[in-house]
Amino acid sequence: MTGSGRPRHWAPGDQILWRYRDNGTGDVHICRPVTVVQDTPELLAVWMAPGTECVKPVLADGTPVHEEPLVTRYTAPRTTTRSRWFGTGVLKLARPEDPWSVWLFWERGWRFRSWYVNLEEPRTRWSGGVDSEDHFLDISVYPDRSWLWRDEDEFAQAQRAGLMDAAQADRVRAAGDAAVELIRAWGAPFSDGWEDWRPDPAWPVPELPADWDLIPVHTAP
């Protein structure tokens with residue numbers, strides 16, 4: 001699954017890695033094995049199945065990051081750990097140039113709950129998957145078309161901690177405003193019916209490879 005060859009379009013059922021790099025060091029600190037649903041020049045859609053083994057950041061003593069007080073959340077020493085995704089699965093949708101991806105969440109029994117707009121660097125493709133950098137600020141969108149900002153406190157703290165300068169913060173906020181305009185217009189992917197999509201029951205849960213933090217040699221947007 002991993003490797004440094006030339007990026008290509010993947011076929012439905014292919015297994016790849018969806019990764020995020022640390023905003024300070026650039027090291028991979030989030031890695032999620034996923035199954036490709038669709039990969040075209042217009043859209044990459046992937047499925048993260050329940051029970052998937054992932055990599056996530058934790059504090060150096062193993063404490064979950066969200067339990068650290070906000071004032072030191074981005075300066076306390078960190079490491080990574082492996083853990084299982086115990087919730088229901090997540091469908092992730094990303095257009096190549098968008099500075100965000102859109103995630104769909106369901107309750108048990110496939111009752112659709114919400115979309116989540118994750119503001120992030122446009123993904124860089126490599127042979128084993130896609131890499132990005134999270135931009136802290138997010139938006140929740142609900143079936144009644146209402147929406148709200150998420151993690152504005154973390155967005156502000158990341159700037160105070162030096163993880164994002166004023167120019168980048170302005171670009172992220174502008175990206176968020178563009179996403180809000182898309183929501184208000186009820187454009188794609190919100191209007192595309194993805195909430196009715198279901199995974200192929202024959203798909204196995206992808207495994208987390210030993211070289212999950214591989215640095216690719218060849219990348220492309």
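This report describes strand pairing, aromatic contacts, charges over rings and cysteines in a predicted model.

## Strand 11 and its partners

Strand 11 spans residues 134-141 and is mostly covered, with seven of its eight residues buried. Strand 8, made up of residues 111-120, runs antiparallel to strand 11 and is joined to it by five bridges. In this pairing, Trp115 has Val141 of strand 11 as its bridge partner.

Strand 11 is also joined to strand 12, residues 147-150, through four bridges, and these two strands likewise run antiparallel. Here Val141 stands opposite Trp147 in strand 12. Strands 11 and 12 form a hairpin in which five residues lie between them. Within that turn, Arg145 has a positive phi of about 75 degrees.

## Aromatic pairs

The model contains 14 aromatic pairs. One of the pairs is formed by Trp106 and Trp110: the ring centres are 5.0 Å apart and the planes stand at 70 degrees, so the geometry is edge-to-face, given that plane angles over 60 degrees fall in that class. The two residues are described by separate burial classes: Trp106 is buried, at a relative accessible area of 1%, whereas Trp110 is partly exposed, at 33%.

Ring pairs also link residues into a cluster consisting of Trp47, Trp106, Trp110, Phe112, Trp115, Trp186, Phe190, Trp197 and Trp203.

## Charges over rings

Lys92 lies over the face of Trp103, at 4.1 Å from the ring centre. Arg173 lies over the face of Trp149, where the distance to the ring centre is 5.0 Å.

Cys54, for its part, is in no disulfide, and its nearest cysteine sulfur is that of Cys31. The structure as a whole holds zero disulfides.

Both cysteines are classed by their accessibility. Cys31 is buried, with a relative accessibility of 0%. Cys54 is buried as well, at 5% relative accessibility.

How values were computed: Residues numbered from 1 in each chain as written. Predicted model: local features only at pLDDT ≥ 70, side-chain atom pairs only at ≥ 80, totals over all residues. Heavy atoms only, no water. Buried < 20%, exposed > 50% of the residue type's maximum accessible area, 1.4 Å probe, protein only. Pairing = 2+ DSSP bridges. Phe/Tyr/Trp six-rings, centres within 6.5 Å; stacked < 30°, edge-to-face > 60°. Lys NZ or Arg CZ within 6 Å of the ring centre and 35° of its normal. Disulfide = S-S within 2.5 Å.
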